[in-house]
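Subject: Structure for you to look through

Dear colleague,

I am handing over the structure that we spoke about, and below it I have written down what was found. Please keep the model open beside this message while you read.

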Amino acid sequence: MTAQRETADSTGTELPRQRAQAAAQDSAAAAVTELRAHVAGDLLDIVVDLDGGEGCRLRDLRDGTEYLDMTMFFSSAPLGHGHPGLREPDFEAALVRASRVKPANPDFATVEQARFAETLKRVFGDPELPLLFFIEGGGPAVENALKIAFDWKTKCNAARSIPVRGCRAMHLQHAFHGRTGYTMSLTNTDPTKVRDYPVFDWPRIPSPAVDPDTGWDHPELLPAERTALEAAEAALQRYGHEIACFVYEPIQGEGGDRHLRPEFLRAMQELCREHGVLTIADEVQTGGGITGCAWAYQALGLEPDLVAFGKRVQVCGVMGGRRVLDIADNAFREGSRISSTWGGGLVDMVRATRILETVESEDLLPHTRRMGEILLAELRGLAEEFPSVLGHPRGRGLMCAVDFPDSALRDRAITIARERHHTLFLPSGPRSLRWRPALSVRQEELTDAVQALRKTLGELS
């Protein structure tokens, strides 16, 4: 390149970007090895090219290999890779500006945080849940929802001259609510995640998940749902005023994409109201549009008092309202009752604001519903084509899954799809394979991913 050409190019952004990419490639070759040697994790043999990739295609920085990505960083990249809205100069400038310092958001106001809160309320907000709390991490979001409920129940008891602390959380089997101090007492999926850690003896009731294709439209409670409801009533009788909340995932993602019927959850909601217990919807996995609604509880016709969120929203936290507002000095309003140093990251808030605006401007919630119908139809076809290997296709929006006969075959399928067909899938539960494409996924990307899984199943057979 001549000096004249370099000088001309340097006035734009392309040459600096090329130089940065070249420098990144120089250090990429050893990235996986170095990280595996020193940093805890389950790294794939992929180095993400942050400047490359497009849509649902992730690029390996080392050699340019492209992978069709049906994981989206555990469903935390709602616009996929390289979305044009996240490459605009004004947005990139806003990111840089917000990254120069990391404010303590709970104590120091910024225009960026105010704009994020306003956009979140407009695009994904619920007028019945006007209170917001921000923090970094889905587990801490659920943890603080629990703290809000414990605070609320104890104050309610005190107002009635009942000297009992609200100190127990009722929850479901097959639940994953995080790995923090309180949430460890709720999580009961893979034993490795909780083994030998101290936990509280909190009431756990059966989880009556159903196949959305067979038992979903039954007008009455199913036998398993009645059993779970009876277990909840027994727990409420045993622990009385100590139970502060019932926490649930509308779809148990880590537990294996297990769907709970609205009839059961509404019955639990009514039971909790009768006993003065808050309901907490853990929507860290199901929220932010992947089910085709802003929140899965809306699709199921539920009215939770608290909602924990994260992942696609970029900033984690809690929405609160309804019966929480019965206590004027609830934990949202009492100074320093719940807080953290950062209160969520300001850079994440800037990115989240642009993502929310894009979800709104591109009308991605109806798009998610349409693409989900296409994907589910494709998965049903695969199950009919390979009945000995694949079964139980299910989904709501783009939150879809299929089952394998056992975990070993499922894990082998994920490996073959990645290594031979450059398509990325995630496990879920003991034997399920989950789909978590971007909200902006195109039909041809879904078709290509289904074809990759078809080839994989053929090789397994």
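Arg 122 counts as partly exposed, because its relative accessible area is 40%, where buried means under 20% relative accessible area, exposed means over 50%, and partly exposed is in between, with a 1.4 Å probe and protein chains only. Arg 122 is joined to Glu 360 by a salt bridge in which the closest N and O atoms are 2.8 Å apart; the term stands for a side-chain nitrogen of Lys or Arg within 4 Å of a carboxyl oxygen of Asp or Glu. Since Glu 360 belongs to helix 11 and Arg 122 to helix 6 (residues 111-124), the pair ties together parts that are 238 residues apart in sequence. Helices here are DSSP runs of H or I with at least four residues, strands are runs of E with at least two, and both are numbered from the N terminus. Glu 360, at 38% relative accessibility, is partly exposed as well.

Before going further, please note that this is a predicted model, in which local features need pLDDT of at least 70 and side-chain atom pairs count only at pLDDT 80 or more, while totals for chains, interfaces and linings use all residues. Residues are numbered from 1 along each chain as its sequence is written, and side-chain values use heavy atoms, with hydrogens and water left out.

How do helix 6 and helix 11 cross? Their axes come within 9 Å and cross at roughly 35°, the axes being lines fitted to C-alpha atoms, for helices over the stretch in contact, with angles that run from 0 to 180 degrees between N-to-C directions. The crossing is left-handed, a word used if the near helix is turned anticlockwise from the far one by less than a right angle, whereas clockwise would be right-handed. Among the residues that meet there are Gln 113, Phe 116 and Arg 122 in helix 6, and Met 349, Thr 353 and Glu 360 in helix 11, with contact meaning heavy atoms within 4.5 Å.

Leaving aside neighbours within four places in sequence, Met 349 is in contact with Asn 105, Gln 113, Phe 116, Phe 134, Val 315, Gly 343 and Gly 344.

The structure holds 37 salt bridges, and another one that involves helix 11 joins the side chains of Arg 354 and Glu 88 at 2.9 Å, N to O. This pair links distant parts of the chain, as Arg 354 is in helix 11 and Glu 88 is in the loop between helix 4 (72-75) and helix 5 (89-99), 266 residues apart. Arg 354 is buried at 13% relative accessibility, whereas Glu 88 is partly exposed at 36%.

In soluble globular proteins, nonpolar side chains tend to be buried together. The largest nonpolar core has 87 residues, and those with the most contacts inside it are Met 170 and Trp 435; such a core is a set of buried Ala, Val, Leu, Ile, Met, Phe, Trp, Tyr and Cys residues joined through side-chain atoms within 4.5 Å. Helix 11 (residues 346-361) gives the most to this core, with seven residues. Domain 1 (21-38 + 57-72) and domain 2 (92-360) both give residues to this core, so it lies between them, the domain bounds coming from an automatic or database domain assignment. The C-alpha centres of the two domains lie 34 Å apart.

With kind regards
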